[in-house]
Amino acid sequence: MKLNINNKLIDVDVRPDEFLLETLRKLGYLSVKEGCQSSSCGVCGVLLDEKIILSCTYLTLRAEGRKITTLEGVRERSQYLVDFLAEEGADQCGYCAPGLIMAVMSLENEIDNPTEEEIYHYLDGNLCRCTGYKGQIRAIKKYLDLKSTRSEVI
Ligand code: FES
Ligand code: FES
């Protein structure tokens, strides 16, 4: 089958019972992390047609003809968020970061100017075993504020 990953069409052989997490990692998209494998932690999040899905429980066959985006595909777009996460001390081991960043990309696509409550609600599936989430939320708010300032200027 062919998969559209980060705007490239890629040929891949998959089993009927293969989940997208396994497919992406075997193709070298190692930003997609493996955690609970049961839709409970958020580390395997990728965008499917610009909205977050959990790749550990999404059958690869269902992704045919759709647009898959991993962190490797949003490096430039997410750079300010990465910088703010570092600035706010929001990363310790960093294992949760790729899934969190992808969830924020999806939040941006879905909700204009989200409230703090909406941000918490949207990200409540992204678990972090190291931090208390406060630094992450500060970084995300800085990023979203910057985005709205930049779009006002443009
Ligand atoms: S590995 Fe997919 S949600 Fe935890
Ligand atoms: S920084 Fe370690 S899991 Fe979040």
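I work here on a predicted model, in which local features need pLDDT of at least 70 and side-chain atom pairs count only at pLDDT 80 or more, while totals for chains, interfaces and linings use all residues. Residues are numbered from 1 along each chain as its sequence is written, chains are lettered from A and ligands numbered from 1 in the order in which they are written, and side-chain values use heavy atoms, with hydrogens and water left out.

On a 1 Å grid over the protein atoms alone, I take a cavity as a set of points where a 1.4 Å probe fits but cannot get out, and a pocket as an open set with protein on both sides within 12 Å along at least five of seven lines; lining residues have an atom within 4 Å of a point. Grid points are joined across faces, edges and corners, and a volume is the space filled by probe spheres set on the points.

**Largest pocket.** I read a space of about 220 Å³ here, with 13 lining residues, of which N113, P114, L144, D145 and S148 lie nearest the centre. Helix 4 (116-122) and helix 5 (134-153) each supply at least two of the lining residues; helices (H or I, at least four residues) and strands (E, at least two) are DSSP runs, numbered from the N terminus. By class I noted four nonpolar, four polar and five charged residues, where Ala, Val, Leu, Ile, Met, Phe, Trp, Tyr, Cys and Pro count as nonpolar, Asp, Glu, Lys and Arg as charged, and the others, Gly among them, as polar.

**Second largest pocket.** The space is about 160 Å³, and of its 14 lining residues G42, I52, L54, G125 and N126 are the closest to the centre. Strand 4 (51-54) and helix 3 (97-110) are the elements that give two or more residues to this lining, which holds six nonpolar, seven polar and one charged residues.

**I52.** I then looked up I52, which is found in strand 4 and is partly exposed, with a relative accessible area of 27%; buried means under 20%, exposed over 50%, and partly exposed in between (1.4 Å probe, protein chains only). Not counting residues up to four places away in sequence, I52 touches G45, V46, L47, G99, M102, A103, S106 and Y122, a contact being heavy atoms within 4.5 Å.

**Cavity.** My search of the whole structure found one cavity of 30 Å³ or more. The largest cavity, of about 30 Å³, has A90, D91, Q92 and C93 among its lining residues.

**Whole chain.** I counted five helices and five strands, following the pattern β-β-α-β-β-β-α-α-α-α along the sequence. Of the 154 residues, 42% count as buried.
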